[in-house]
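User: Could you walk me through this chain, starting with the overall layout and then going into a few local details?

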Amino acid sequence: MRTTIVAVLLGATLACAIPTPAAPAIHVMLLDGESGGAYHAWQETTPYLKRMLEDAGLFQVDVVTAPPRDGDFSTFKPDWSKYQVVVGNYDAPDERWPDSLKASFEQYIRNGGGFVSVHAADNAFAKWKGYNLMIGVGGWRGRNQESGPHFYYQDGKLVPDPAPGNAGSHGARQPFKVVNQVTNHPITKGLPKEWMHVADELYANLRGPGENMTVLSTAWSDPANHGTGHEEPILMVISYGKGRVFHTTMGHDLAALNCVGFITTYQRGTEWAATGKVTQKVPPDFPTADKTSTRAAYNPPAGWNSPGGAPRRGAKQ
Ligand SMILES: [Zn+2]
């Protein structure tokens, strides 16, 4: 009898000691391997993008590095199905991927996979129809009016402007104010309506099909800094088949990544693209309408210089 009681008590104690199983980690593929130039140093930014997701406590991240521009793509067959979401820190021209690879990625997203396009990932694959449907709008690599209209916000509405012109521009890297145009989406819910982003490229003149695209946040592209005078899309969500896409144009270099606004929307956007929900709270150090906010944990290394050197402007990335 006594043995039974002890056994029962011991069993109860053990049951209490076993922690509640954590929610299963969201499996993320962080894709890198090429960029349009040394100014987009994916070898440098990928570890930060990886750590930002890991620090959110929800994600398990594998980095998948595509072969270089002269590499062999015949054996590059990522197992998309192992992941709920792919984060693109990758920018390559149309001819880089064989049709079979493009088809497998389209199928993965169409069947419900998630995709996150970070900064110059929206420069990639200018003529790949499926990719442009996923990202909604993009710039450079020969995009122009044939790629689709230039989308911007005006009088509280998204305007598709078909006027001819090249796609993709930005001024010098300066801090700028982001305005959340949609405040009830899981990614932007609870964030300040307006918040200051650190010095970064403010992408403008992006063009594309813009189908099934909701622009969550914009920023005013200042003509005094080679801008368009329009509220340009900064954060977007797009649906492609059953798949969800989160597109952020922010994040040129390590200095630009270290903005609590970027970090928070990137963490939330990745969760949303993977699951359709956001469980992460807004952090107390989120930037305000007149003050930027960074985290020491993501400061660039001592002595770091932006690999692009002096800020570029005009038609360059
Ligand atoms: Zn850039």
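User: Before that, what kind of model is it, and how are residues numbered?

Analyst: This is a predicted model, in which local features need pLDDT of at least 70 and side-chain atom pairs count only at pLDDT 80 or more, while totals for chains, interfaces and linings use all residues. Residues are numbered from 1 along each chain as its sequence is written.

User: How many helices and strands are there?

Analyst: The protein chain has six helices and 11 strands, where helices (H or I, at least four residues) and strands (E, at least two) are DSSP runs numbered from the N terminus.

User: And what share of it is buried?

Analyst: Among the 317 residues of the protein chain, 45% count as buried; a residue is buried if 20 or more other C-beta atoms lie within 10 Å of its own, exposed if 12 or fewer, and partly exposed in between, with C-beta atoms placed from the backbone. As for contacts (C-beta atoms, placed from the backbone, within 7 Å), residues 24 or more positions apart account for 74% of those with a separation of 6 or more.

User: How do E1 and E2 pair?

Analyst: Strand E1 (residues 26-32) and strand E2 (residues 59-65) pair in the parallel sense over seven bridges, pairing being called when DSSP finds at least two bridges between two strands. From E1 the chain crosses through helix H2 (residues 42-55) to E2, and this β-α-β crossover is right-handed, a term used if, with the strands pointing away from the viewer, the path from the first strand over the helix to the second runs clockwise. Within the pair, Met-29 stands opposite Asp-62 in E2.

User: OK, what about H2 itself, which residues are buried?

Analyst: The buried residues of H2 are Trp-42, Thr-45, Thr-46, Leu-49, Met-52 and Leu-53. Seen down the axis of H2, they fall within an arc of 130 degrees, so they line one face of the helix; the arc is that of the directions from the helix axis to the C-beta atoms. They pack against E1, E2, strand E3 (85-88), strand E4 (114-118), helix H5 (254-257) and helix H6 (260-275).

User: What sits on the other side?

Analyst: The face of H2 turned away from its buried side carries the exposed residues Gln-43 and Pro-47. Gln-43 counts as exposed because 11 other C-beta atoms lie within 10 Å.

User: Why does Leu-53 count as buried, and what does it touch?

Analyst: Leu-53 is buried because 23 other C-beta atoms lie within 10 Å. Not counting residues up to four places away in sequence, Leu-53 touches Val-28, Phe-59, Val-61, Gln-267 and Thr-270. Leu-53 and Tyr-266 are 213 residues apart in sequence and 8.2 Å apart in space, C-alpha to C-alpha.

User: Switching to H3, how long is it and which residues are buried?

Analyst: Helix H3 (residues 99-110) has 12 residues and reaches 16 Å from its first C-alpha to its last, close to the 16 Å expected at 1.5 Å a residue, that expected span being 1.5 Å times one less than the number of residues. The buried residues of H3 are Phe-105, Glu-106, Tyr-108 and Ile-109, and seen down the axis of H3 they fall within an arc of 160 degrees, so they line one face of the helix. Their cover includes E4, helix H4 (129-135), E10 and strand E11 (243-248), whereas the face turned away from the buried side carries the exposed residues Asp-99, Ser-100 and Ala-103.

User: Which residues other than glycine have a positive phi?

Analyst: One of them is Asp-155, with a positive phi of about 50 degrees; Asp-155 lies in the loop between strand E5 (150-154) and strand E6 (157-161) and counts as exposed, with 6 C-beta neighbours inside 10 Å. Another is His-226, with phi near 60 degrees, which lies in the loop between strand E9 (213-220) and strand E10 (231-240) and counts as partly exposed, with 16 C-beta neighbours inside 10 Å.

Definitions and conventions:
Contact = placed C-beta atoms within 7 Å.
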